[in-house]
Amino acid sequence: MMAGKRKANEAGSSNGLRGDVLCVLGVLKVATADQIQRLTSPNLTYRHTLKKTAALRKEARTASHRGAANDLRRHGLAVDGGRTRGGEEVRLFTKDGLVAAAIDLDRAPEEMGGMPKSAGRSGASHPMTVNETVIALIRLKPDLALVAGKPAEAVAAAQAAVDAPKGIGSITSYATEIVGCALRSEGCHAATFPSLLVNGGHGRSTW
């Protein structure tokens, strides 16, 4: 059974990790593995801290989600979408991937918005700005139990993140690439133009 699972998902990704990628790309449409990790598994940010360089630490903490994205690509649900100006690989959905994400997010097709237009070919500067804004708004807290036993500095940083002010909503509270007005049922979150994100549940903000 395990051999069959590995054959189906060559990177060995779990349902949960593939679900993370489906969720984030279903909302943001364009994202790097780093952004997917920070939006779904923030505890990983405080692990692998003994790696010598920031690049090695990022490679280690994003490895699981990169594998999950690669497995989705093999299933025809995602594609590589070029690179950001900083050189990070961008992940995009196929049409089948968008359908799969709609099921995972429990959203109607008209709530899912349009397909991204090869954002990585131009460095994806605007989508990356939108994504970083969403990350800053949500401020997802790490699970301290999953950081236990790590170096004291990492545990202290994770504790500081937990103690920081609460963010606004979760990744499923947001929508992007919506043409026209599409209101989310919980808290009236909406996006009204392609690549323009509007969070209407806690006061309207646009980017």
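This is a predicted model: local features need pLDDT of at least 70, side-chain atom pairs count only at pLDDT 80 or more; totals for chains, interfaces and linings use all residues.

Colleague: What holds paired strands together in general?

Modeller: Strands of a sheet pair through backbone hydrogen bonds, and the sense is either parallel or antiparallel.

Colleague: Which residue in β3 is the bridge partner of Arg83?

Modeller: Glu89 is the partner of Arg83. Next, look at the turn. The hairpin of β2 and β3 has 5 residues between the strands. Among the hairpin's residues, Gly87 has a positive phi, near 95°.

Colleague: What does β3 do with strand β1?

Modeller: β1 (residues 30-32) and β3 also pair, over 3 bridges, in the antiparallel sense. Ala31 sits opposite Arg91 of β3.

Colleague: In what order do the strands of the sheet run?

Modeller: The order is β1-β3-β2, in an open sheet of 3 strands with antiparallel pairing. β1 and β2 are the edge strands, each pairing on one side only. From one strand to the next, the twist averages 35°.

Colleague: Which helix packs on the sheet?

Modeller: α3 does, with contacts to β1 and β3. The directions of α3 and β1 make an angle of about 90°.

Colleague: Why is β3 described as largely enclosed by the rest of the structure?

Modeller: Count buried residues. Buried means under 20% relative accessible area. In β3 (residues 89-93), 4 of the 5 residues are buried, so the strand is largely enclosed.

Colleague: Now a loop. Where does Leu44 lie?

Modeller: Leu44 is in the loop between α3 (33-40) and α4 (54-74).

Colleague: Is Leu44 buried or exposed?

Modeller: Apply the cut-off again. Leu44 counts as buried because its relative accessibility is 14%.

Colleague: Which residues does Leu44 touch, leaving out those up to four places away in sequence?

Modeller: Gln37, Arg61 and His65.

Methods:
Residues are numbered from 1 along each chain as its sequence is written. Side-chain values use heavy atoms; hydrogens and water are left out. Helices (H or I, at least four residues) and strands (E, at least two) are DSSP runs, numbered from the N terminus. Buried means under 20% relative accessible area, exposed over 50%, partly exposed in between (1.4 Å probe, protein chains only). Contact means heavy atoms within 4.5 Å. Two strands pair if DSSP finds at least two bridges between them. Axes are lines fitted to C-alpha atoms, for helices over the stretch in contact, and angles run from 0 to 180 degrees between N-to-C directions.
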